[in-house]
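Good morning, colleagues. Please look at the model on the screen while I go through it.

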Amino acid sequence: LYRRTQKMFCVGEESWVDSRTVYIGHKEPPPGAEAYIPQRYPDNRIVSSKYTFWNFIPKNLFEQFRRIANFYFLVIFLVQLIIDTPTSPVTSGLPLFFVITVTAIKQGYEDWLRHKADCSINECPVDVVQQGKVVRTQSHKLRVGDVVMVREDETFPCDLILLSSSRHDGTCYVTTTSLDGESSHKTYYAVPDTMAFTTEQEVDSLHATIECEQPQPDLYKFVGRINIYKDKEEPVARPLGAENLLLRGATLKNTQHIYAVAIYTGMETKMALNYQSKSQKRSAVEKSMNAFLIVYLCILISKAVINTVLKYAWQWSPDRDEPWYNHRTEHERQRHVVCLFIHRFLAFMVLFNYIIPVSMYVTVEMQKFLGSYFITWDEDMFDEELGEGAQVNTSDLNEELGQVEYVFTDKTGTLTENNMEFIECCVDGNVYIPHAICVRMLSRTTFFLDECSFIKDFTSVCGRPTSFYISSSPDEVALVEGMKKLGYTYLRLRDNHMEILNKDDEIERFELLHVLNFDSVRRRMSVIVRSSSGECLLFCKGADSSIFPRVVSGKVEQVKARVEQNAVEGLRTLCVAYKSLTEADYQEACFHLTEAKLALQDREQRLAQAYDIIERDWLQEKAADTIESLHKAGMKVWVLTGDKMETAAATCYASKLFRRTLYLWVCYSANTRPHNHIYTLLHLVLHRCSLSVDCLDFGLIIDGATLSAVLKPNPESAGHGNYREIFLEICRNCSAVLCCRMAPLQKAQIVKLIKASKEHPITLAIGDGANDVSMIQEAHVGVMGKEGRQAARNSDYAIPKFKHLKKILLVHGHYYYIRIAELVQYFFYKNVCFIFPQFLYQFFCGFSQQPLYDTAYLTLYNISFTSLPILLYSLVEQHVSVETLKREPSLYRDIAKNSLLRWPVFLYWTCLGVFDAVIFFFGAYFLFDNTTFTSNGQMFGNWTFGTLVFTVLVFTVTLKLALDTHHWTWINHFVIWGSLLFYVIFSLLWGGIIWYNFCLLQMYYVFMQMLSSGPAWLSIILLITVSLLPDVIKKVLCRAISPLLTVPMACRTI
Amino acid sequence: MQKKENQEVENRPDNTAFTQQRLPAWQPILSAGIVIPLFVLVGLAFIGIGVALFVTSRNLHVLEMDYTGVEKTSPCFSCSDPIKQKNCKCSLSFELDKLFEGPVFFYYGLTNYFQNQRAYGVSKDYNQLSGDLDYFTFFFSIVPDSTCKPYRYDVNNKPIVPCGSLANSMFNDTFNLYQMKNGVKEEVPLDGKGISWWTDYNIKYRNPSVNPLRNAFNGTVKPLYWSKPAYELDPTDTANNGFINQDFLVWMRRSALPNFRKLYRRITDGLPAGNYSLEISYNYPVIAFDGKKKVAFSNVSWMGGKNEFLGIAYLVIGSLCLVMSVVMLIIYHWRNSSPDAN
């Protein structure tokens, strides 16, 4: 949207320029420079809030009336205002007002929270260089052209161009985890002309302008130019690229401080441009709710049509149409036929409009909003180590947690701890284990130390650590700590020399010559060091697949075997190789490096030796138990990981995702096979799958490459049918699927694929890294693990550990679903009960739109007499205990596929509502039929009739909920009995006091008169009993027939 | 470190029963041991109530007579002709072979009469009826209430008091009951007090506080169908005149259903066995809309008038409960005895 507006702006504005000129430190350019085009830039304020104080009311009202239900009630309200209708506008206006107000308060509160968050971001302190001094100011006051000083571990306040850093080479290290999810440190460079500045004064003396493109959302693209004006010299122009641009949201690492100039601020930063408002995820419950609503709308319209038609039929004879006692007015007689018809139809619509539960949406919203606090409050999901509990970012999807069919999980950090521990190393085929080393030290010392020192050297070098072991990857931390156990302590990096304390407490020094950073294309990183003896060494570490091909000597085969073996055991492996470089080699490499920083391949080819370092990635506690529970609950768990197959598979075995009995299909390395091979393979799998009786014993392993081949729309395959379909078919039949070597985007693709399959299953994605964000956003429900703090915002729910998934799904999800399902069904039920008697009454009052109930009852039925019990029910109901739900994951299957909101259940509730309504109405009808109701012979009128029906209605509907309540806390007691009491007290007051301005006195003393009559009491008791009887009998029989545990469910699903 | 600890304390959720969803709760289970006795109890109680109601209802008498005069044999046939309707009188004779215990309530009934039509029901002005003189005069188009249309003003724009269809169509047949004793007509005293709701008579409806009452009605006209103005409804008794005339009040309380009875008089001492003659001054036309006019004599008990429905309904539901308890017993028994029951 932003871009669109920007484009519009583009077209409309004459003075638009496609580049901007930034004056560093707001200094005027020297004369002779290009024409000065003043531009206005936004300040550095981030606005994520939707409303301001002023526009809240109009904007919020507009937003709310865009909802179909609210709009419907608004229309009804307006109809009531305009034409003469049976009920006063208050009856629909007041509930609507109530609903709108409650929603507005909720949204206002949420927006206030957003304002607060914005405020804390906008007011966080920033150091700005002004007149040669560092001035501390607030983030939102930052303007384009300001020179900013950022210290280590601080986050950049806006998009900056690096001028100089505390490192003498003018570089700085940055993590961009919160932006793109890559956790490695990236290096950014200052322009050579400015990198020498070290103090504020020097920076301030800089006289330069930056010309750059207008902001655009691509994180990796930036084109600009810096013009540096020196005294009486031609300005020096230097190109600027993405490597000079520090993005807002990234964090400075391993660099004491930097100076940089702001070029994009506030909403123009790349992060803000990339910030997409989260697309609204709609839950399945909401969809069925809307479907039911449409059905009820149809019922409403048909009711109105039936009554209008019958009215005409009934009025065919003029005596009925206009009996002498009830003449029409002239005005009415002269009305046009069509006009009259519409008028009558609308009047019936208004009379029956309450069948659409006005307060349902607001109650659902309240339930979700308040209910989500139970997740946040849950102590079981509180993690002691992190000091954090679960977090709910979207309350709209609570019940979806009870509907999950597919769980997509990331492996590293989600299933596993992502805490690496150094387990063993294998040097030239000899295996060493740290603990063993200590014991057997004496016997093999000499040989050993030698090897170890290499490892250690390498470790330290590659680790690139600072004085702490802060490092881009947990492997490196593990390595450094593993070496410490062996007696080699990494001390520090000083003047490009690494100091290492060896076993004999001597300090060894290595000069760090070059670091070639890790990237995901090469999948390895290298360093070149010079040891104290003057020898140049090239170390290279990386995944086995990228190291082995480059190894030219050494016992590659043994190492390879060991690597494989360890990978199978679920250990994470890392390969290291080194080569000693002659001085000439080194010079050549240097030459290449400095010249182009390209063609790195050459120098890494001839490596001498292979090491293998193995670490163990521990499974998170109870991960296996959780997965098992999820399986039992009927969910399919897929592991999507970037890891290699063996490791991932081992983790899967360890976490019981794959049982030993599972028959595994492996589709691997598709790039070496022709397409039709995959096709045959897939077919074979499918065939075998369909042959086997129980397909649940199949597991599938597929790698990213094969997957992309499968998913790629292939013109050749048109004749063969679609891979996609076959693949989907297989996947649906497998109980466990492992996808390894996945790119982040592929993860999202998989989720999308499953989501779009024909059953439209509900998916849940869980991951901790930023590379899982796309998958999490794609899935119906996204859950975030502990890492990726910023990225956790993208998830719908954040939980500290994988094991908490069990509780959030099996317990919370289950409860939310049960609760909301009952809520929705009950709302429709109670409104059928409410309105159907009114419909029946039309047959006995000459279709004259006479309301059965008093105005106050019509108005308050939904908003006060019957609203609180169901709301509280939907917050605290527990049909079975928490422990049972945890113990019996299979209970989760009972509510799978939206089982409580299917059409038969809906039909049952509606029929029950109609039945009850018929009982209310005809019960009262036969009781009133020509008989005296009192012992003093007086007769009751129509309002007593309506009040009798209404009293029975309120009691029945509330008691029906009481029957459905399985968990009676004091809250339930209070609310259920309280609301009945409230009804009685209200009726007494309403009829007992003359409300002059308000009431037409029609209800005066009606309720008391009714209560003074014995038969009225008896009939109220009778009618309530009869209405509840079918439901009680059904429940009792269900209980008798079905086994104990699932009784509530069996009874719900009929 | 300390900061971290504090933070931890801050983040830690409250460990209360409510937040952890562990509030102590009563979890009723509809098990056989509870439900079957409950059903038996409810069934027995309902049958008890049902029997009591049924017996009481049986002991009540209702004597209902149609006097519409549709058939030629009917004594009121001559009066039913709408042309010569004015002050037509007819009489209905009936015989009681045993004592009709008092108090006997004397109702008139109408059928197919839709007092519950919406337009009809709202057609009145509460302010007028509560005696507010401001609403007795024509005041632009605000007073009397526009709902009174088409019975708001007469042709001369004089306001109708009481206005509206409901008042306009007040039932105006009158009855006199005579007992035939040895060929001599002896009038049975009819008590017209307290036939309307106490609140209607004392609070809701008020006469304007003008003495004499007729002065209040200056400048107004009587409802079109009325033969006499409101202040002459009962000239003998000021407490039963004008808007607080009991017959008027009874009529103004709309009936719920199209077939209805309204209380006319009370006969406190009851009716001894014998021959009676009911003299009717037949004014109210109902044949045009296929209506029927009836009179009914009924006595009431603590549970109101004769209505067997309630008693029968209680009996049916009570028996149903008993049957259900037996059925449940069988099912439970069968389940417990079958070997594969879990």
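I shall begin with the conventions, then take the interface, a helix pair and some backbone features.

This is a predicted model, in which local features need pLDDT of at least 70 and side-chain atom pairs pLDDT 80 or more, while totals for chains, interfaces and linings use all residues. Residues are numbered from 1 along each chain as its sequence is written, chains are lettered from A and ligands numbered from 1 in the order written, and side-chain values use heavy atoms, without hydrogens or water.

First, the interface. Chain A contributes 95 residues to the contact and chain B 87 residues, contact meaning heavy atoms within 4.5 Å. Between the two chains 2 salt bridges are counted, each a side-chain nitrogen of Lys or Arg within 4 Å of a carboxyl oxygen of Asp or Glu. A:Glu883 pairs in this way with B:Arg22, with the closest N and O atoms 3.0 Å apart.

Next, a helix pair. In chain B, helix H2 (residues 32-58) packs against helix H10 (residues 308-337) at about 160°, the axes lying 7 Å apart. Axes are lines fitted to C-alpha atoms over the stretch in contact, and angles run from 0 to 180 degrees between N-to-C directions. Helices are DSSP runs of H or I with at least four residues, and strands are runs of E with at least two, numbered from the N terminus. H2(B) and H10(B) are therefore roughly antiparallel, the class for angles over 145 degrees.

Finally, the backbone. B:Lys149 and B:Pro150 are joined by a cis peptide bond with omega about -5°; B:Pro150 sits in the loop between helices H5 (126-129) and H6 (165-168) of chain B.

Definitions and conventions. Parallel < 35°, antiparallel > 145°, perpendicular 65-115°, else oblique.
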